[in-house]
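Hi there,

Here is the structure I promised to pass on to you. Have a look at it first, and then read my notes with the model open beside you.

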Amino acid sequence: MKFILIVLFIFFSNSIFASEEDNSQLEVINLHESKSLDQMVLDNLNSKEQIIEEVSEDLNEINELEINEVESEVEVEQIQSKRDDFIYTLETNDLEIYFENLKNINSKTLQKQLVEVLENLQLNIDTKHDQEALFLIISYLKSIGLINKSNELLERYKMINDSNSNFYTGIKLNYLLSTFQLNEACNFKEDLNSNIKLDHFFLEKLDIFCLILNNNLSEATLLNTILLESENNLDNYYQNLFSLLSNSSDRNNVDNEIANYEINKELIFLYSAMTRIAELPFSHAFYELDKKNLLIPIILNQASPIDLRIKAANESFLEELITVDSLAALYMSADFNSDQLSNPEETINLFVDNKELTMAFLFQLVNIQIFPNDRLNVLIQFWDFAKKSNLEEIAYKLTINMLNSIDPSSENIIYGPQIASAYIFNNNYESAEYWIQLYENAKEVDSKSIYTRILLNLYSSKDLNSFINSINLTFNDLTYDQDYQNDELLFVLKTVMNLDINSNSNINFDKIFDQRSMPSIFLLNEINNSIINKNDDKFLFYSIISLNNKDWNDIHPEHLKLILEGYLQYKDGVLFRNIILELFKKNDFII
């Protein structure tokens, strides 16, 4: 049945997935003839590394040219002033404290901006200060689940041989193991300086693993015997994996025992590679140890539960670690039998507590529909379920090319707002406007079309002024039952953006005191001063520190007001639009 399903998917994909625009094309995934999922994921990661490396080389060349062309004191002062910026002048002890308070950022927009700022720092690694700063940055990126970014910085600055060489070696090896580049990891280990020492007998355990990979079991067993004698606290998790890989124990007994042993978090990437070679599944508990850094290992482990792999793939896609092609291939690899596909309602009820399997099932169900009307009906069901599960962005991106096969007809126009929403999330605003107009011409303006037009206005705004105008239009057109928190949000937005809208500012005597915490007066003062002095880097750091561990809907309105005022100014408002959209989404305001 699985083979038939894949053949059907390929057949209908070739006939349906015909894109009109190159930038919206979803490559058809032929699971037998095209690249493996492993290769697709690694190609995407490696292409990003190549881009980073090329940009870094270009920047270095530009910097050399600029230095050679400096002929006036004014230009020298300008270069020096950049080195006097906030981040460069921080003492490393202070920077370490800052990073400790930046590990739980719930805004993807702000997290991405902070990482971008850190990546683009031009550090002079000939100085002790910048060497220490680079070490802290690499450590921070790993701690927030971006070991790939840590490795990119290592490659850019060639930082293997310095006072932190042990730490950097661990980063490099763990990155290679996490992306299942085992030959590279073993070769890299072989070329290491003999002075490199890692905790928990990491290099010794990797050496044994590499020997197993090269079918040198006798030497691997000998070295493992020495390891057993050397290790004071026996790593039972590793030993059980070794037993499986060396065929020295009963698999059933080991499978049952291994789940009961403590996992050393410092060795999870070595464990992950060994687990995959042993054809063992990852558990949900293993995933919880380091959610972001384990995304790729879990996706690539075919023995793991498919719902866990899909969960990891969804997050990886939203973090831009994998492409929509890889995601679609994984969705199609979920195995549903003919009875399940023939009885969709019963199957969906069976997966009621598993949104990942439901998403995969509906996606496959869309792809095997023969008749256009049936396909559209299932497509609408897929989008509706994804929206309830907060996965609508994924559903829209997965099905973008199916939209081009939907012909305007009296039967289809009723779905105009949903189709338009899919186009909006794929940045095809012209097609979105077309479907909204079709719907309104046939059905007249109603709440569905108003809602979709609001989305279109907000997402299609090309600059900050047009976005603010869209906000004005949104709240002039929108009517709904507001709660107290929405009243507060409207009041804040009206004040910050000088909106011409009505907002409720009446005192509610049932809520005189607010339980939401405020940052310290000293932190608020620093944030305010950075806004006044237009110090973008300082504002970015202090504002995000004040938001650490907080969701947008947990922030005190006065705190939110100050933050939004700052980001309205920060780099000419480059982040403001996305922050407001995040704010709306988190507060269930209109999106």
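Below is what I found, going from the whole chain down to single residues.

Before you start, please keep in mind that this is a predicted model, in which local features need pLDDT of at least 70 and side-chain atom pairs count only at pLDDT 80 or more, while totals for chains, interfaces and linings use all residues. Residues are numbered from 1 along each chain as its sequence is written, and side-chain values use heavy atoms, with hydrogens and water left out.

**The whole protein**

The protein has 34 helices and zero strands. Both kinds of element are DSSP runs numbered from the N terminus: helices are H or I with at least four residues, and strands are E with at least two. Of the 591 residues, 50% are buried. Buried means under 20% relative accessible area, exposed means over 50%, and partly exposed is in between (1.4 Å probe, protein chains only). A contact means heavy atoms within 4.5 Å. Among contacts with a separation of 6 or more, 65% join residues 24 or more positions apart.

Start with helix 9, residues 165–178. The expected span of a helix is 1.5 Å times one less than its number of residues. For the 14 residues of helix 9 that gives 20 Å, and the end C-alpha atoms are 20 Å apart, so the two agree. Because 12 of its 14 residues are buried, helix 9 is largely enclosed by the rest of the structure. The buried ones include Y168, I171, K172, N174 and L177. Just after helix 9 comes F180, with a positive phi of about 60 degrees.

Helix 23 covers residues 372–388, and its 17 residues reach 24 Å from the first C-alpha to the last, close to the 24 Å expected. Its buried residues are R375, L376, V378, L379, I380, F382, W383 and A386. Just after helix 23, N390 has a positive phi of about 60 degrees.

**A pair of packed helices**

Two packed helices are described by the angle between their axes and the distance between the axes. Axes are lines fitted to C-alpha atoms, for helices over the stretch in contact, and angles run from 0 to 180 degrees between N-to-C directions. Helix 26 (residues 416–425) and helix 28 (residues 447–460) pack at about 10 degrees, with axes 10 Å apart. That makes helix 26 roughly parallel to helix 28; angles under 35 degrees count as roughly parallel, over 145 as roughly antiparallel, 65 to 115 as roughly perpendicular and the rest as oblique. Helix 26 brings P417, A420, S421, I424 and F425 to the contact, and helix 28 brings K448, S449, T452, L455, L456 and Y459. By class, these are seven nonpolar, three polar and one charged residues. Here Ala, Val, Leu, Ile, Met, Phe, Trp, Tyr, Cys and Pro count as nonpolar, Asp, Glu, Lys and Arg as charged, and the others, Gly among them, as polar.

**The disulfide**

A disulfide is a covalent bond between the sulfur atoms of two cysteines. It is counted when the two sulfur atoms are within 2.5 Å, and by this rule there is one disulfide. C186 and C210 form it, with their sulfur atoms 2.0 Å apart. The torsion about the S-S bond is about -95 degrees, so the disulfide is left-handed. C186 sits in helix 10 (residues 182–190) and C210 in helix 11 (residues 202–213), 24 residues apart, so to find the pair you need to look at distant parts of the chain.

Most residues other than glycine have a negative phi, and most peptide bonds are trans. Which way does the phi of E444 go, positive or negative? For E444 the value is positive, about 70 degrees, although E444 is not a glycine. E444 is in the loop between helix 27 (429–443) and helix 28, and is exposed, with a relative accessible area of 59%. K571 also has a positive phi, near 45 degrees. K571 lies in the loop between helix 33 (557–569) and helix 34 (576–586), and is partly exposed at 38%.

Next, look inside helix 18 (residues 306–318), where A312 lies. A312 is buried, at 0% relative accessibility. Leaving aside neighbours within four places in sequence, A312 is in contact with L295, I298 and I299.

Finally, E392 lies in helix 24 (residues 392–398) and is buried, at 7% relative accessibility. Not counting residues up to four places away in sequence, E392 touches A386, K387, F425 and K585.

Happy exploring!
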